[in-house]
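Student: I would like to learn how to read side-chain contacts in a protein model. Could we go through one together?

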Amino acid sequence: MNFDWWTFMLQTVNALVLVWLLARFLFRPVSRIITERQATAHAALDEAEAARKEAEAALAQAQTERDAVAAARADMIAAAQEEAAKQESAMLAEARKSAEKARAETEAELSRLRETEAQHWQAEAAALAVDMTERLLGRLPGGARTGDFVEGLAVAVAKLPQMTRDRIGRDGPAVLHAAGPLGGDEQALVSERLAAVLGRPVALRFETDATLIAGLELDTPHAIVRNSIRADLERIAQEVARDG
């Protein structure tokens with residue numbers, strides 16, 4: 001077997017030319033295309049990643065806004081409930097106050113009516129008692145209405161202030177009212193007892209007043225001294241009405 005060096009060298013040159021041609025016209029374009037496609041793919045991936053992040057941010061923003069809306073809604077509901085509770089409490093307090101005022105006014109009116117009714121019936125009772133007493137005393141003999149009241153009248157006059165006693169009878173005769181006409185002895189007795197307590201004689205003018213029922217009343221410009229059944233009954237009626 002013979003080895004041809006020329007052939008080997010030519011084939012080697014052919015192989016080197018082929019490699020250069022492939023590198024020149026095939027490997028470089030393919031590599032460039034691959035690089036460009038890789039860059040395009042990376043750009044697409046970057047855009048997709050950016051879009052994903054943007055979507056996540058938008059979702060987070062939406063969630064934040066939704067939470068804020070929910071919180072605001074909860075606050076509004078709580079505020080409305082609190083305001084409603086306040087208004088309800090205020091209305092209840094006002095209603096309670098009005099009810100208490102109405103009850104107090106009603107009780108006061110009832111108390112006033114009861115008091116008025118009690119006073120009315122007490123006055124009626126007092127008037128009835130006075131009327132019954134007058135009827136009973138009206139059946140007594142005439143002498144029993146005056147003679148026994150002379151001493152009481154003298155004692156009452158004696159209790160007057162000195163200045164008042166000194167003025168009795170100074171301006172003219174003092175009027176002595178009696179339930180019935182007084183006899184001469186009774187008039188003398190009255191004059192004597194008054195002179196004794198006043199320390200001097202006093203001019204008297206005797207008048208009859210059947211409304212006294214029984215007793216005597218001395219009437220002067222400066223003092224009125226009453227010692228009669230009518231005066232006693234009036235005083236009793238006033239005390240009953242006042243104490244009742």
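This is a predicted model: local features need pLDDT of at least 70, side-chain atom pairs count only at pLDDT 80 or more; totals for chains, interfaces and linings use all residues.

Student: Which side chain does R52 meet in a salt bridge?

Tutor: A salt bridge is read from the gap between a side-chain nitrogen of Lys or Arg and a carboxyl oxygen of Asp or Glu, which must be within 4 Å. Here R52 pairs with E56, at 2.4 Å from N to O. E56 is also partly exposed, because its relative accessibility is 42%.

Student: Where do R52 and E56 lie?

Tutor: Both are in helix α1, four residues apart, which is about one turn of the helix.

Student: How many salt bridges are there by this rule?

Tutor: The count is twelve. Another of them joins R193 and E151, whose closest N and O atoms are 2.9 Å apart. R193 is partly exposed at 23% relative accessible area, and E151 is partly exposed at 41%.

Student: Is E217 buried or exposed?

Tutor: The cut-off for buried is under 20% relative accessible area. E217 has 6%, so E217 counts as buried. Its salt-bridge partner R226, with closest N and O atoms 3.0 Å away, is partly exposed at 36%. Salt bridges that share partners join D209, E217, R226, R230 and E234 into one network.

Student: Now for the rings. How many aromatic pairs does a search of the whole structure find?

Tutor: The search finds two. To name the geometry of a pair, look at the angle between the ring planes: over 60 degrees counts as edge-to-face. The rings of W5 and F8 have planes at 85° and centres 6.1 Å apart, so this pair is edge-to-face.

Student: Where do W5 and F8 lie?

Tutor: W5 and F8 are both in helix α1 (residues 5-138), three residues apart, about one turn of the helix. W5 counts as exposed, because its relative accessibility is 56%. F8 has 41%, so F8 is partly exposed.

Student: What is the angle between the planes of W20 and F25?

Tutor: Their planes are at 90° and their centres 6.5 Å apart, so W20 and F25 are edge-to-face. Both W20 and F25 are exposed.

Methods:
Residues are numbered from 1 along each chain as its sequence is written. Side-chain values use heavy atoms; hydrogens and water are left out. Rings of Phe, Tyr and Trp (its six-membered ring) pair if their centres lie within 6.5 Å; planes under 30 degrees apart count as stacked, over 60 as edge-to-face and the rest as tilted. Helices (H or I, at least four residues) and strands (E, at least two) are DSSP runs, numbered from the N terminus. Buried means under 20% relative accessible area, exposed over 50%, partly exposed in between (1.4 Å probe, protein chains only).
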